[in-house]
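Please look over the structure shown here before reading on. The paragraphs below go through it one part at a time.

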There are 2 protein chains.
Amino acid sequence: MNRQEISKQIFSKKSVLCVGLDTDPTKIPAHLMREEDPVFAFNKAIIDATHEFTVAYKINTAFYEAQGLKGWISLEKTLNYIPKNIFTIADAKRGDIGNTSEQYAITFFKTYPFDSVTVAPYMGRDSVQPFLQFEGKWTIVLGVTSNAGSADFQLQPSGDSLLYQRVLKTVADWGHPGNLMFVVGATRKEQLREVRTLLPEHFFLIPGVGAQGGDVDTVCRNTLNDAGGILINVSRNIIFAANDTSFDAQAHDAAKKFQKEMSVFL
Amino acid sequence: MNRQEISKQIFSKKSVLCVGLDTDPTKIPAHLMREEDPVFAFNKAIIDATHEFTVAYKINTAFYEAQGLKGWISLEKTLNYIPKNIFTIADAKRGDIGNTSEQYAITFFKTYPFDSVTVAPYMGRDSVQPFLQFEGKWTIVLGVTSNAGSADFQLQPSGDSLLYQRVLKTVADWGHPGNLMFVVGATRKEQLREVRTLLPEHFFLIPGVGAQGGDVDTVCRNTLNDAGGILINVSRNIIFAANDTSFDAQAHDAAKKFQKEMSVFL
């Protein structure tokens, strides 16, 4: 999916909502556990309930990998079920030396044909480049994350800037705003405007809204651009809005509420 | 496997050799492609041919993940086939926010019961801690890697040190030499002695010997400690020493040659 198609979705749905399918099998409502594939049954219901408000789905691969083969089967069925006009993200945070990163790119661009994958920058250019070489796919590199641990390295001085600023500036040169996005954590609201100034054109994947404390209003005011330019991820506050037979209705209402907050800015 | 057991292996085999099972299906000898599971058939032959010289096997998960379900099946069969007294490493380079890292820890410590997993440090303490909480397991954190891209961030100034030095010093406080190792790339020989001085007790997983240009002599002289304290990984120079029916005999000879070079220091 190209940049124009993502933007078109954003302005037609008046939404920058990305729903995070962090589907922890221990949190699935009890009545779904009778299904042959409870994880897929859950995701299918969530997708049905939320897709009209949603421009992207993010599959957090860890929750599927931990289940072994059956997890990968649920992942594949979920990916196939997502409507084709909605952007898909493999939140896998991979990255290794060149020939190994190429295998990860094959995993998430071909074996499981996502539109994008998240990548960790620590190993530098030759660990990111193999992902960028896939035509029509997106590489989403960690910039500044929304967790407490971001203070340990990302927020430390690196020459005359902070490490995450160096990462954003350096990595931006390896691709372009049509194949490269960055993870920018929304709980660090003081940084949102600064990061947008640094990178006016790139899309940002913004986690941390909801359970982690960020808010839609602050994010939209400080990071929207002419293309839309952001995907705000919400996971737990939507998919686990309720833990009973009303879970999908509650997810629908939660997604609708987020979309409504976003719509005033779009 | 605990520190004492790893050391015992090292001194009884007079080896710090880790064989990297970066099993690229396109590089497997043609005659094995008739097997039901060529990747496992290849790995089994490599393990049979090299285990007497080897104290660890490192499975590079990317090469298996790229094959989808059948790759994970090959991975599991390979893991089960490795002799129980040999240390196993999932070279997966994972790392995410806490609840997600916990799922990755479950993946590689429980679903696939490796002794250890490699972890990227960029997201900080709460991304590493969930791995360290598994009793009897090891977390191997990226310090300085052997690829060209290590210059982009790892070798950049971070306050009064370089980023990788900050990572080593900071992360060392999160665990102890009985549950935490570091990746230290062997192509940066000038750094080996310095890193050993910084962390006298920790085990280092040292890639970069062979195809990437590092050498056993320099590594052993500068990093061995009383416990052994290093695992030198060799992948391509052993497993792809030949591409015909002699591949396992050639792998045997290559592993034996590396072990012999190591034995003079042990």
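To describe how helices pack, axes are taken as lines fitted to C-alpha atoms, for helices over the stretch in contact, and angles run from 0 to 180 degrees between N-to-C directions. Helices (H or I, at least four residues) and strands (E, at least two) are DSSP runs, numbered from the N terminus. This is a predicted model, in which local features need pLDDT of at least 70, side-chain atom pairs count only at pLDDT 80 or more, and totals for chains, interfaces and linings use all residues. Residues are numbered from 1 along each chain as its sequence is written, and chains are lettered from A and ligands numbered from 1 in the order in which they are written.

In chain B, helix H8 (residues 189-198) packs on helix H9 (residues 216-223) at an angle of about 20°, and their axes are 8 Å apart. That angle makes H8(B) roughly parallel to H9(B); angles under 35 degrees count as roughly parallel, over 145 as roughly antiparallel, 65 to 115 as roughly perpendicular and the rest as oblique. Lys189(B), Leu192(B), Arg193(B) and Arg196(B) of H8(B) meet Thr218(B), Val219(B), Asn222(B) and Thr223(B) of H9(B). Residues are in contact if their C-beta atoms, placed from the backbone, lie within 7 Å.

Another pair in chain B is helix H2 (residues 38-50) and helix H4 (residues 69-81), which pack at an angle of about 20° with their axes 9 Å apart. H2(B) is therefore roughly parallel to H4(B). On H2(B), the contact is made by Val39(B), Phe40(B), Asn43(B), Lys44(B) and Ile47(B), and on H4(B) by Ser74(B), Lys77(B), Thr78(B) and Tyr81(B).

Chain B also touches chain A: 46 residues of chain B are in contact with 46 residues of chain A. On the side of chain B, H5(B) gives the most, with seven residues.

Now turn to chain A. Which residues of helix H9 (residues 216-223) of chain A are buried? They are Val216(A), Val219(A), Cys220(A) and Thr223(A). These residues lie on the same side of H9(A) because they cover an arc of only 100° around the axis, the arc being that of the directions from the helix axis to the C-beta atoms. A residue is buried if 20 or more other C-beta atoms lie within 10 Å of its own, exposed if 12 or fewer, and partly exposed in between; C-beta atoms are placed from the backbone. The cover over the buried residues of H9(A) includes helix H8 (189-198) and strand S10 (230-234) of chain A.

Asn237(A), in helix H10 (residues 236-239) of chain A, is partly exposed because 18 other C-beta atoms lie within 10 Å.

Notes
Two residues are in contact if their C-beta atoms, placed from the backbone, lie within 7 Å.
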